[in-house]
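Subject: Model handover and notes

Dear colleague,

Please find the structure below, followed by my notes on it.

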Amino acid sequence: MSHKFKLLIDGDDRDGIAGEGEDCFNPATGEVIGKIARASLSDLDDALNAAERGLKEWNSVVPWERGRILKNAADLLRAQQDEIAKILTFEQGKPLYEAKEEIQRSADFFEWGGEEARRIHGRTLLGREPQNHVVIETHPIGVVAAFTPWNFPMAQAAKKFAGALGAGCSVICKPSQEAPGSVIAMCKVLIQAGVTPAAVAVVFGKASEISAHLIASPIVAKVSFTGSIPVGKLLAKAAGESMKTITMELGGHAPTIICGDVDPEATADFLAKAKFKNAGQICLSPSRFYVEESILERFTARVAEHARAWRIGNGTEPETQMGPIVSERRLNAITELVEDARSKGATILAGGNRIGDQGYFYAPTVLTDLPMDAKVLHEEPFGPLLPIVPFTNDDDVLRLANGLEFGLSAYIFTNDSQRQQKLKDGLQYGAVGINDVVTHHPEVPLGGWKESGVGTEGGTEILRPYQTTKFVSIQ
Ligand code: NAD
């Protein structure tokens, strides 16, 4: 199957006039599934001009109607989920049922963003003088430049489009080159649902060139990025040059504290399932396992059993529990982390190897006896790795948990309410699961503390990153 992933500008598909772009691979086979168009600077200028016009047109659609259109988009996405899930699985690798879950979650974001659009309001204050009053108006911030990753290619883009379109903004999105098709499909659904075509653009090409050009443009008012901390810093710096506001959803390395009072087998069952979802390529994935000494052996044995038995395969096969890693680049990064741990004396209880030489499969891997300088304990693995470290004292484990630059999500497993309270209060993270692992649904605001991000996405405040105010003083 060979396909051309085209640019989408002003409602039209385009080849991109910078010539042949990159190949897109099926990570389950390593085969090329298509060519990705490459935008030239003049394509980007066309996208910017269209978005500037799209902003005016879309913002003139009253919020109540924007809400209806976004609900319509949600319904259309749900109706087309079987077809779009195949695209998502082909390009990203995840099992089909996970692809469908992602499409449903994306639809939920549009429905939610549309509902919140209907609640946009201003306020009026009485003035300092009896004849004076002040009206505080809410406005869309303007044209949004959005840069989205490959792990949940549709859902990560949907969060940004739902907030921005709900607020009345237009969006130019640069999706990842690894998984381009599902974002194109989603944007076509938005236009089909009634969103102003000029308010929705998708561009591909060299990421650094595109971000530099879009962010520097005076037409762009807001930069929203999901990806790694180093790239987030680059884009934040570029946005700072022209004082543009930013939303950054960056990496995590979630500490998962498992106390001695829980059932070690049941907790291992629960956590193995959470860990191997999307092959561990989730910023909220539990990723550093601190296990109290008293249950270390039982928890570790059970989780290793799961790792050995997990069914790895092509996401299109119904029995597959975990698909491939998204790309050769990411496969190499994961391999490097495991080899670093192995060379420093870690025990690999399960996995620790690539599976086959077709596609980018990596075995679910359980690591113990880790020295504290093992890279996997410091760098986000973003793969199916379970590094396990014993602990005996809550203050020590909190120090370890908070000891990195990350602050996205953290997990506590204990039935002792006092320990729940102490650990929850001590964790410097934007999301905490107690006997739970979190998923980002639209009704909750997700935002990283420390270097894991700036601002939040979702929640009743989903529109706020895409809004600005104007106060009008009336005498
Ligand atoms: P990455 O930051 O290199 O890439 C993520 C996205 O950013 C991709 O779509 C890529 O095309 C884009 N990108 C890269 N350089 C860019 C630039 N100069 N301008 C604009 N866009 C650019 O990350 P990666 O190595 O592909 O993925 C792994 C890392 O991504 C993980 O370590 C994780 O921290 C992070 N990540 C985080 C989330 C999240 O929700 N917070 C989601 C996915 C990935």
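The buried residues of α1 are D43, L44, A47, L48, A50, A51, G54, L55 and W58, where buried means under 20% relative accessible area, exposed over 50%, and partly exposed in between (1.4 Å probe, protein chains only). An α-helix has 3.6 residues a turn, so residues three or four places apart point the same way. Helix α1 covers residues 41-59, 19 residues in total, and reaches 26 Å from its first C-alpha to its last, close to the 27 Å expected at 1.5 Å a residue. The expected span is 1.5 Å times one less than the number of residues. Helices (H or I, at least four residues) and strands (E, at least two) are DSSP runs, numbered from the N terminus.

This is a predicted model, so local features need pLDDT of at least 70 and side-chain atom pairs count only at pLDDT 80 or more, while totals for chains, interfaces and linings use all residues. Residues are numbered from 1 along each chain as its sequence is written, and side-chain values use heavy atoms, with hydrogens and water left out.

Helix packing

Two packed helices are described by the angle between their axes and the distance between the axes. Axes here are lines fitted to C-alpha atoms, for helices over the stretch in contact, and angles run from 0 to 180 degrees between N-to-C directions. Angles under 35 degrees count as roughly parallel, over 145 as roughly antiparallel, 65 to 115 as roughly perpendicular and the rest as oblique.

The axes of α1 and helix α7 (residues 207-216) come within 11 Å and cross at roughly 40°, so α1 and α7 are oblique to each other. Their crossing is right-handed; a crossing has that hand if the near helix is turned clockwise from the far one by less than a right angle, and is left-handed if anticlockwise. On the α1 side L41, L44, D45 and L48 meet I210, H213 and L214 of α7, contact meaning heavy atoms within 4.5 Å. By class, this contact has five nonpolar, one polar and one charged residues. Ala, Val, Leu, Ile, Met, Phe, Trp, Tyr, Cys and Pro count as nonpolar, Asp, Glu, Lys and Arg as charged, and the others, Gly among them, as polar.

For helix α3 (residues 81-92) and helix α6 (residues 181-193), the axes come within 8 Å and cross at roughly 155°. That makes α3 roughly antiparallel to α6. Residues I84, I87, L88 and E91 of α3 meet G181, S182, A185 and V189 of α6, a contact with five nonpolar, two polar and one charged residues. The buried residues of α3 are Q81, I84, A85, L88, T89, E91 and Q92. Its twelve residues should span 16 Å at 1.5 Å a residue, and the end C-alpha atoms are 15 Å apart, which agrees. After α3 comes G93, with a positive phi near 100°.

The axes of helix α12 (residues 394-401) and helix α13 (residues 417-426) come within 10 Å and cross at roughly 30°. α12 and α13 are therefore roughly parallel to each other, and their crossing is right-handed. The contact is made by D394, D395, V397 and L398 of α12 with R419, K422, L423 and G426 of α13. By class, it has three nonpolar, one polar and four charged residues.

Positive phi

Most residues other than glycine have a negative phi, and most peptide bonds are trans. F382 has a positive phi, near 45°. It is in the loop between β18 (365-368) and β19 (385-391) and is buried, at 14% relative accessible area. N435 also has a positive phi, near 55°. N435 belongs to the loop between β21 (431-434) and β22 (453-454), and is partly exposed at 30% relative accessibility.

Single residues

A117 lies in helix α4 (residues 96-117) and is buried, with 0% relative accessibility. Not counting residues up to four places away in sequence, A117 touches P63, G166 and L463. A117 and L463 are 346 residues apart along the chain, with their C-alpha atoms separated by 7.4 Å.

L126 is in strand β6 (residues 123-126) and is exposed, at 80% relative accessibility. Leaving aside neighbours within four places in sequence, L126 is in contact with N132 and H133. L126 and F276 are 150 residues apart in sequence and 56 Å apart, C-alpha to C-alpha.

Regards
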